[in-house]
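Subject: Structure for your review

Dear colleague,

Please find below the structure that I am handing over to you.

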Amino acid sequence: MKDEKLEGILYYLLEKVNKVSRRYSQKVFDEQGWDITKDQWLVLKKIADNHRISQVELARALFKDTAAITRIINLMVDKKLVKREFRPDDKRQVELLLTNKGQKMFDVMLPTVVEIRKKGVEGLSTIETEQLKSLLSRMIQNLE
């Protein structure tokens, strides 16, 4: 059986969507003068969604290894966007929280990020978007 051309392979297209999206997002972030990367935005978003999260949970949620997430967190702590605090019920464990500056940055960036997401699905109906999410979720389940 002959293999498809690379440009016709679903996994290649998924990877390309991811790369193009990241590049576009970073361009917009830079144009806005935000000293933040797409990975740092994802950290802000995940912490904002959870209020408190461990570094291990964050790494797992963002598909990053512990060394990569540590580097990102250290940069964000240096920028005073994120802080580390001991868990109130277990002083051996550290959780990540947004600082006031981090929360403000998240709040300022969110409308622009929502617009970036809308641009990515421009021309797709709500039904098509929901179908795509459902199909991608099934693919993930197939491979986990």
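A crossing of two helices is called right-handed if the near helix is turned clockwise from the far one by less than a right angle, and left-handed if it is turned anticlockwise. This term is needed for one of the findings below. Please also bear in mind that the model is predicted.

I begin with the overall layout. The chain contains six helices and three strands. Followed along the sequence, these elements occur in the pattern α-α-β-α-α-β-β-α-α. The C-alpha trace spans about 55 × 35 × 25 Å along its principal axes.

Next, please look at two of the helices, α1 (residues 10-31) and α5 (residues 100-120). Their axes come within 11 Å and cross at roughly 145°. In the sense defined above, the crossing of α1 and α5 is right-handed. Which residues meet where α1 and α5 are in contact? From α1 there are Tyr24, Ser25, Val28 and Phe29, and from α5 there are Met109, Thr112, Val113, Ile116 and Lys119. Of the residues in this contact, six are nonpolar, two are polar and one is charged.

Helix α1 also takes part in a feature of the surface. Leu10, Tyr11, Leu14 and Leu143 form a nonpolar patch there, and together they have about 400 Å² of accessible area. The largest contribution to this patch comes from α1, which supplies three residues. Leu10 is located in this helix.

Finally, I turn to the charged side chains. How many salt bridges does the structure hold? There are twelve salt bridges in the structure.

A colleague

Key:
Residues numbered from 1 in each chain as written. Predicted model: local features only at pLDDT ≥ 70, side-chain atom pairs only at ≥ 80, totals over all residues. Heavy atoms only, no water. Axes fitted to C-alpha atoms, helices over the stretch in contact; angles between N-to-C directions. Helix = DSSP H or I, 4+ residues; strand = E, 2+ residues; numbered from the N terminus. Contact = heavy atoms within 4.5 Å. Nonpolar A, V, L, I, M, F, W, Y, C, P; charged D, E, K, R; others polar. Patch = residues over 30% accessible without salt bridge, like charges linked within 9 Å, V, L, I, M, F, W, Y side chains within 5 Å. Areas by Shrake-Rupley, 256 points an atom, 1.4 Å probe, with all protein chains shown as cover. Salt bridge = Lys/Arg side-chain N within 4 Å of Asp/Glu carboxyl O.
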